[in-house]
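This report describes one protein chain in plain terms.

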Amino acid sequence: MALTAMAEQQQFYLLLGNLMSPDNNIRKQSEEAYDNIPGQTKITFLLQAIRDVACAEEVKTMAAVLLRRLLSSSFEEIYPGLTVDMQTAIKTELVTSIQTEASPNIRKKVADIAAELCRNLIDDDGNNQWPELLKFLFDSVNSDNVGLREAALHIFWNFPGIFGNQQQHYMDVIKRMLVQCMQDQDNPQIRTLAARAAASFVLSNEGNAALLKHFSDLLPGILQAVNESCYQGDDSVLKSLVEIADTAPKYLRPNLEATLQLSLKLCADTNLTNMQRQLALEVIVTLSETAAAMLRKHTAIVASIPQMLAMMVDLEEDEEWAMADELEDDDFDSNAVAGESALDRIACGLGGKIVLPMIKQHIMTMLQNPDWKYRHAGLMALSAIGEGCHQQMEAILNEIVSFVLLFCQDPHPRVRYAACNAIGQMATDFAPTFQKKFHDKRLQLAVSIGAFPADLFVSPIPPPQVISALLQTMEDQTNPRVQAHAAAALINFTEDCPKSLLVPYLDSLVQHLHVIMAAKLQELVQKGTKLVLEQVVTSIASVADTAEEKFVPYYDLFMPSLKHIVENAVQKELRLLRGKTIECISLIGLAVGKEKFMPDASAVMQLLLKTQTDFNDLEDDDPQISYMISAWARMCKILGKEFQQYLPVVMGPLMKTASIKPEVALLDTQDMENMSEDDGWEFVNLGDQQSFGIKTAGLEEKATACQMLVCYAKELKEGFVEYTEQVVKLMVPLLKFYFHDDILLWEYSESMPLLLECARVRGPEYLTQMWHFMCDALIKAIGTEPDSDVLSEIMHSFAKCIELMGEGCLNNEHFEELGGILKGKLEEHFKNQELRQAKRQDEDYDEGVEETLQDEDENDVYILTKVSDILHSVFSSYKEQVLPWFEQLLQLVVQLICPSRPWADRQWGLCIFDDVVEHCSPSSFKYADYFLRPMLQSLCDTSPEVRQAAAYGVGVMAQYGGDNYRPFCTEALPLLVGVIQSPESKVKENVNATENCISAVGKVMRFRPECANVNEILPHWLSWLPLNEDKEEAVHTFDFLCDLIESNNPIVLGPDNANLPKIFQIIAEGVANESVKSEDACSKRLANVIRQVQGSGGLWTQCVSTLNEKQQKAVQDLLTA
């Protein structure tokens, strides 16, 4: 029996060795064999391997790693099923191994296993079911054996929650233990580990302000350990400091100056590695994001700016740089890239008011430096700070742009490249102001340069305008890399350029682009170089996209060459060029329209189809895939219904891309050390030494594919019905997909209601089945989605779906769950407001914090609008029968309309009650005591948005409320008239509220004439027409006007129809301003009124003579509609 066990153990050792084999097949077979071993047997074998003295160290290491992973991933499946004796034996074995293991590496790995087991042995009440480990911890920390002290600290670092519900009781003991170890003068590794353990403990208690204060005197020891360990080649404590800056920045407050000074010192020390210097800078940059207000008060922060700029100068000379034909990804480990990124983040974190005054003199000095690296860094710095210093830079943009354009003619190509980069970045950051200001302005520089000292750099020559400067730089044939970047900057400029500004430059732009394209096509044939051609093709696409139909005259200049590229650029190294050309062709087609594009459409479709046929042969990372997917969608927009025939070819690859399942992993700190974000992994910290990782390769393509599916559903409607089911089955599970906002935002803002519209063709049963598949997932997502942007889109989509499906689409379970979720959203809204008020009392509160709080408030209000949208869709679909369900939310909605609440709360609270009155009357009157008085008072509110909501409420009371509301309609009338007649009523911010008041007065006269002196009010009401801003209410007023005219109302028509010219003008102005559209029911009635006048000779001439040209055309359009 013993021999068999030994043989099995030897067999297991062999398996462990094979798990580390470099041969993929051997490793894969071994993994399958390992997975098939029962959990209990695995634990036995793994423990045996760890304690076997004769076993090779790498095998023991592998066994330790596997046992830790087993306890991490499968604890619940394995451990509770073991006998108590077996459980006790495992615990004892682990402690014994730590005490007896000679190898420090294995001892550390066993300590990890002990920490993992203990993490799982803290029960729901916080009891540690392994008290022996705590005793071992205390004994080991006080031991003379350095190895045991290390192991104890390692366990505490790995699992700082080890004390469970006894933590408060042991607080002073924990503190003494850490202080004692951090002061161990003989053993630097103990000081380092103690500092890491202290940081880990702080991080795990980030929300406990009292504890952080109690442990604040450990921070000097942590900082000292950071300094010491960095010079020993160990950056682990520095990484811990970055984590504290990220998660518990307030812990650093008592020693913030010392933290900043240490970080700056390390960052500046060129004896340290680049990674260490960048980590030191990361402490400051992270604090600028997590504790900006705290940082803004410290002068040491000023010194960090030159440090970042100094890093940006750390560039290497590269003879071949300018001729490179492949754009390599930025070297993210380089100091130059790290410095630029830090500058961007710190500008966004601290804000332009702080950063621009600190940096402007440094940048100016750098731009005068004879060394090209400094000029390059100065220009890249300008690119980096644009987003964060937006407001401050916008005020001096003239001066900045004048200055930057000079460097397009710098003698060094990399400086010219940086100038293009700055122009391109500013074109994006300051769009469309940048385009409007600098498309043709020749800026004189020999003047005082605003915020930059003019005497430092004066040029007697005015620099050229942006477009011609970029076109000139694009002619730099000897430096393709600069040419390509000038083209990239031109793309940025044209993408956000208003069409009217670009059109005057089209001839010149197109001529330049055509010449360069022709030259580069020749180069491609002769030398195989393609970088500039790739960018020029995209520039042409961008110009066409902005110019739209104005690009028609240039179509024939480019299309033959573009088709030629797609036909012939089939080599692997030309994949990106081919993809960009496909994009260009489809964008030009969309710009010039179907009529111009149709002669080429067939040939283009055949080229795309050929590529699509080869689609399965394309490698997963082939750049053509995403370009193809987008091109098909544009072709769909161009061809409309004619595109349906191509769906069978297109949908397969599209669904394949949209179905990409990214690689995900739950990792602990040990595993994280073996993976990096450079390999395409992104991580979300889950706390407690654990992170969730996802490999992001393919996610952009997945997002694009989802957008295209939405496009097909939108364009083809019922023509897409064949695919609705499989698309819904793909889309709905993405509600749980947290790692790419674009996927969710696009998909839920549009796809669900669109897909239901498509499915409607198949009949009500099919539609209902599809809705049931969506509904549960949508409601759950509203309850769980953490990102407010995505959440608002899902809520909007859900509301649209309910409106589309109507009564009966929600069952009792749905209502119950939805009610709980909406109640939670409203409660969270109030709680967030309280938290923001508390932050306003914080010692670090400043105007920068207030800006952030305002942004948070806007986000919260936006979610509130979506709660209102959902309630609107429920009320409009279910009417009075939904009121008992609504009562669980009633008090919260009442709270929204309290006079003390912010105006947005009152606005949306009133909107919800407006819906109750409009859709649930006469039963709505039972809630009148809650909302009527606030609604009437709100008619005179200082906020126009609140007045508008209140006025709309009075209108629906008159129209739908019933007899109970009569006294309130009477009471509201003079208040409404008072708002309309106030001197400021027609200014921009008040006009919508005023128009709602005018509409409400009309509704009271129309539906509740007994509440108003109609004869007295009508002439005034007529003088207030037409409504030009609120199109919905304009239709109501025109409907009523038609009633009055058709009934020959003497007050409206006037004696001998004297008012007809005035009425004529009201109608003409309303139609001219599109307040009435041909599809509105009242437009036919208004046309009849016009025709009656037309037949009366002289009156017609008199009426028409009062109209301007636009109004006369509107009348003609109305008659011919």
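Helices (H or I, at least four residues) and strands (E, at least two) are taken here as DSSP runs, numbered from the N terminus. On that basis the chain comes to 55 helices and three strands. This is a predicted model, in which local features need pLDDT of at least 70 and side-chain atom pairs count only at pLDDT 80 or more, while totals for chains, interfaces and linings use all residues. Residues are numbered from 1 along each chain as its sequence is written, and side-chain values use heavy atoms, with hydrogens and water left out.

**The chain as a whole**

The C-alpha atoms fill a box of roughly 115 × 75 × 65 Å along the principal axes. Of the 1121 residues in the chain, 57% are buried; buried means under 20% relative accessible area, exposed over 50%, and partly exposed in between (1.4 Å probe, protein chains only). The accessible surface, from the Shrake-Rupley method with a 1.4 Å probe and, for residues, only the protein chains shown as cover, comes to about 49000 Å². Carbon and sulfur atoms account for 50% of that surface. Contact means heavy atoms within 4.5 Å. Among contacts between residues at least 6 apart in sequence, 72% join residues at least 24 apart.

**A buried residue**

Ala-114 is found in helix 6 (residues 104-120). Ala-114 counts as buried because its relative accessibility is 0%. Leaving aside residues up to four places away in sequence, Ala-114 touches Leu-94, Ile-98, Trp-130, Leu-133 and Ile-155. Gln-129 is 15 residues from Ala-114 in sequence, and the two are 13 Å apart from C-alpha to C-alpha.

**Charges and salt bridges**

Lys and Arg count as positive and Asp and Glu as negative, with His and the chain ends not counted. The place of a charge is NZ of Lys, CZ of Arg, CG of Asp or CD of Glu. The chain has 93 positive and 159 negative side chains, and the centres of the two sets lie 2 Å apart.

Side chains of opposite charge can pair when their charged atoms come close. A salt bridge is a side-chain nitrogen of Lys or Arg within 4 Å of a carboxyl oxygen of Asp or Glu.

| Positive residue | Negative residue | Closest N and O atoms |
| Arg-296 | Asp-846 | 2.8 Å |
| Lys-297 | Asp-844 | 3.4 Å |
| Lys-499 | Glu-548 | 3.1 Å |

Arg-296 and Asp-846 form a salt bridge. This pair links distant parts of the chain, 550 residues apart: Arg-296 is in helix 16 (residues 292-296), and Asp-846 is in the loop between helix 41 (812-840) and helix 42 (847-878). Both Arg-296 and Asp-846 are buried.

Lys-297 forms a salt bridge with Asp-844. Lys-297 lies in the loop between helix 16 and helix 17 and Asp-844 in the loop between helix 41 and helix 42, so the pair ties together parts that are 547 residues apart in sequence. Lys-297 is partly exposed at 48% relative accessible area, whereas Asp-844 is buried at 7%.

A further set of residues, Arg-1006, Asp-1039, Asp-1043, Glu-1046 and Arg-1085, is linked in a network of salt bridges.
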